[in-house]
Amino acid sequence: MRGLKLFRILGIQISLNYTWFIVFGLIAWSLASSYFPFHYPELSRSAHWVMGFLGAVFLFLSVLAHEITHSYIAKKEGIEVREITLFFFGGVSQLTKEPEDPIKELKVAIGGPLSSLILAFLFWIVSKFTSQAPYLILFTGLLSYLAFINLSLAIFNLIPGFPLDGGRVLRALYWKKTGSLRKATQIAANSGKWVGVGIILLGLWFILRGNLIGGFWFVIIGIFLRSGAEGGFQQVMMKGALEGVKVKELMSQGVISVPPSLFIDRLVEDFFLTHKHITYPVIQGEKIVGLITLKRVKEVPRDQWRSKTVGEVMLPIQEEMMLDPEGEAVEALQRMIRSGEGRLPVVKDGKAVGMITRKDILNLLEIKTDLME
Ligand SMILES: [Zn+2]
């Protein structure tokens, strides 16, 4: 998942999804132009904007606190958390593995909504104090909004549809009851899809009744939940099936490599048309220096094939593109998705020792998920 790296807390990288900037603006704007003016018409326009901006900032911090609580509990349960990517009304904690028993899953899932509930209560208490002083009305308004939004975060996340926290709770309970993670995930994901549809319909109903902004948010959230339920299910099945499988077990050995000095016309003739692979590692001395792909070659005009060399056209090697033979197959697949390359070299001490393709991994995945019940 692409995002802007912010800072680290408890050793966890916190990142922002790029959509957040747009949504941050939308939230601040809708707070400043409709929510606060409606509840506090006596305040000035500039006060509404200050409240809107601070409201959006503290909403961000509230979501962050929610996610960090999940991660903190996960860490305490022995599950490493690499990264938290924040979206507008939630986040994705990148756990290095799925919880291995239902009780751990339950603890991790319940922590987030619990922290949101506690925050809602704290904001509410403080707002009761500030409301004693009429000149603090700006803060009272902000605090009541934050109490309301944290309560909403808790309730929304407790909706029993995977991948929401409530769906994870549902999954943990089914998992404990049936002993099958696959069945439990399937049930929780289905529930998530239907809840998503329900929220979309509710949003459309709001829109028909004239509540455009509220309805619009519901539709967006419903769509997000529906696709999350689908993707979440696939991801869990994938992680489950590939757990513990190493890159070296799936890679093809006997790498066919090319030197950077090779001309493109020879590359096409002697490699692409002869070996029929679409990616080759480029090796200089003994070290890997780049990748040459069919896509790169297609970008070179045909009349330059005799004058251009592999070294001029290749994709220079980056850390991200080199896989460790001892690394996890799941991680390899994620890197392929991130880099957009379906074939990556497996590298040890700078030398290419194998190649692994998306197909190698997906084939194993298919076999394993067919066998799993
Ligand atoms: Zn949560």
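## The zinc site

In this predicted model, the zinc ion has as protein donors His-66 (NE2), His-70 (NE2), Asp-165 (OD) and Asp-165 (OD), at 2.0 to 2.7 Å. Donors are N, O and S atoms within 2.8 Å of the metal (3.2 Å for Na, K and Ca); water is not among the atoms, so sites may look incomplete. Along the chain the donors are spaced as H-x3-H-x94-D. The pair His-66, in helix H2 (residues 45–76), and Asp-165, in helix H5 (residues 165–178), links distant parts of the chain, 99 residues apart. Helices (H or I, at least four residues) and strands (E, at least two) are DSSP runs, numbered from the N terminus.

His-66 and Asp-165 are both buried. Buried means under 20% relative accessible area, exposed over 50%, and partly exposed in between (1.4 Å probe, protein chains only). The angles among the four donor atoms run from 54 to 151 degrees, and the site is irregular. Four donors count as tetrahedral if all angles lie between 85 and 135 degrees; four count as square planar and six as octahedral if opposite donors are over 155 degrees apart and all others between 65 and 115; anything else is irregular.

## Helix H3

Helix H3 (residues 102–130) has 29 residues, which at 1.5 Å a residue should span 42 Å; the end C-alpha atoms are 43 Å apart, which agrees. The expected span is 1.5 Å times one less than the number of residues.

H3 has a kink of about 30 degrees at Gly-111, shortly before the proline Pro-113. The bend at a residue is the angle between axes fitted to the seven residues ending there and the seven starting there.

## The nonpolar core

The largest nonpolar core holds 34 residues, and Ile-27, Phe-36, Leu-59, Ile-84, Leu-86 and Tyr-145 have the most contacts inside it. Such a core is a set of buried Ala, Val, Leu, Ile, Met, Phe, Trp, Tyr and Cys residues joined through side-chain atoms within 4.5 Å. H2 gives the largest share of this core, nine residues.

## Two loop residues

Lys-276 lies in the loop between helix H9 (264–275) and strand E5 (279–284). Its phi is near 65 degrees, a positive value in a residue other than glycine. Lys-276 counts as exposed because its relative accessibility is 63%.

Asp-349 is in the loop between strand E8 (343–348) and strand E9 (351–357), and its phi is near 50 degrees, also positive.

## Notes on the model

Residues are numbered from 1 along each chain as its sequence is written, and side-chain values use heavy atoms, with hydrogens and water left out. Local features need pLDDT of at least 70, and side-chain atom pairs count only at pLDDT 80 or more, while totals for chains, interfaces and linings use all residues.
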